[in-house]
Amino acid sequence: MLKKNKLFVIVALVYMVLFVTMPEKANEALGNSVYYLIEMLEVLPVIFLLTVVIEVLIPKEWIMKHFGENSGLMGNLLSLLLGSISAGPIYAAFPISKTLLGKGASVSNIVIILSTWAVIKIPMLANEAKFLGASFMGIRWVLTVIAILLMAWVIGKIVSKKELITETLDSTKSKVYVNEDYCVGCGICSKMLPEVYKIVDRKAKVNLSNIHPSHRIMIVKTIEKCPTKAIVMNMDRTSVH
Ligand code: SF4
């Protein structure tokens, strides 16, 4: 328990020390924490609802086509648009980005969504124009967009999606499952990794209890090789087939 909640334990200890040594600072800090906690409670339910909508209602093919590796400039522009029309604090973008990544979005487009969300979303631009003037806002927007696109391209080259997926596979929360609607029972996955996949009634099934960290590279390969993209890794899913 303590190991899993290291950060929480450290914060609690700091609070205890503060309350003993500087009670005024401790009260101030507690007030700030409560403020942010309330803000998170207001924002996060909507965000989780959005991630569920993306997960359940938006087909993987659609995400791959519009935000995936081959989406090109159009994918970049759509990501820019998605980040721009967003609202809320940047931490709200992380669960959405994680869901998009799991459904086939490219690393570059995730970088664009996160960066745009953080620094050039429309509500922010409107405030900026009001206080600092439209030309200041316009020039900053153009330069920031150029920087974001460059950064996305560089990060897309340096960080491979395979690395991200294999890292998350180490997490006990990560789940691999087969979308039975897409599976055509070709058996490629079960031939590549019989310890994890088996074909039952012409559909692939995942045996989660057999998944071992040493399988992670092969699991990523089966995700890539599956002809119908039926194998999905969902970091938050709790029920699996
Ligand atoms: Fe189904 Fe894909 Fe496995 Fe073929 S490779 S059996 S389509 S999950």
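Analyst: A cavity is here a set of grid points, computed over the protein atoms alone, where a 1.4 Å probe fits but cannot get out. In this predicted model, the largest cavity is the space taken by the ligand. Around the ligand there are 13 residues, of which Cys183, Cys186, Gly187, Cys189 and Cys226 come nearest. Sorted by class, this shell holds 10 nonpolar and 3 polar residues, with no charged residues.

Turning to the strands, E2 (residues 197-200) and E3 run antiparallel and are joined by 4 bridges, with lysine 198 standing opposite lysine 205 of E3. The hairpin that E2 and E3 form has 2 residues between the strands, and aspartate 201 takes a positive phi near 50 degrees there. In a regular strand the side chains alternate between the two faces of the sheet.

As for the aromatic rings, the count comes to 3 pairs. In the pair of tyrosine 35 and tyrosine 36, the ring centres are 5.2 Å apart and the planes stand at 85 degrees, so this pair is edge-to-face, the cut-off for that class being over 60 degrees. Tyrosine 35 counts as exposed because its relative accessibility is 52%, the cut-off being over 50%, while tyrosine 36, with a relative accessible area of 47%, is partly exposed.

Note on methods: Residues numbered from 1 in each chain as written. Predicted model: local features only at pLDDT ≥ 70, side-chain atom pairs only at ≥ 80, totals over all residues. Heavy atoms only, no water. Near = heavy atom within 4 Å. 1 Å grid on protein atoms, 1.4 Å probe; cavity = no way out; pocket = protein on both sides within 12 Å on 5 of 7 lines; lining within 4 Å. Sits in = over half its atoms within 2 Å of the grid points. Nonpolar A, V, L, I, M, F, W, Y, C, P; charged D, E, K, R; others polar. Phe/Tyr/Trp six-rings, centres within 6.5 Å; stacked < 30°, edge-to-face > 60°. Buried < 20%, exposed > 50% of the residue type's maximum accessible area, 1.4 Å probe, protein only. Pairing = 2+ DSSP bridges.
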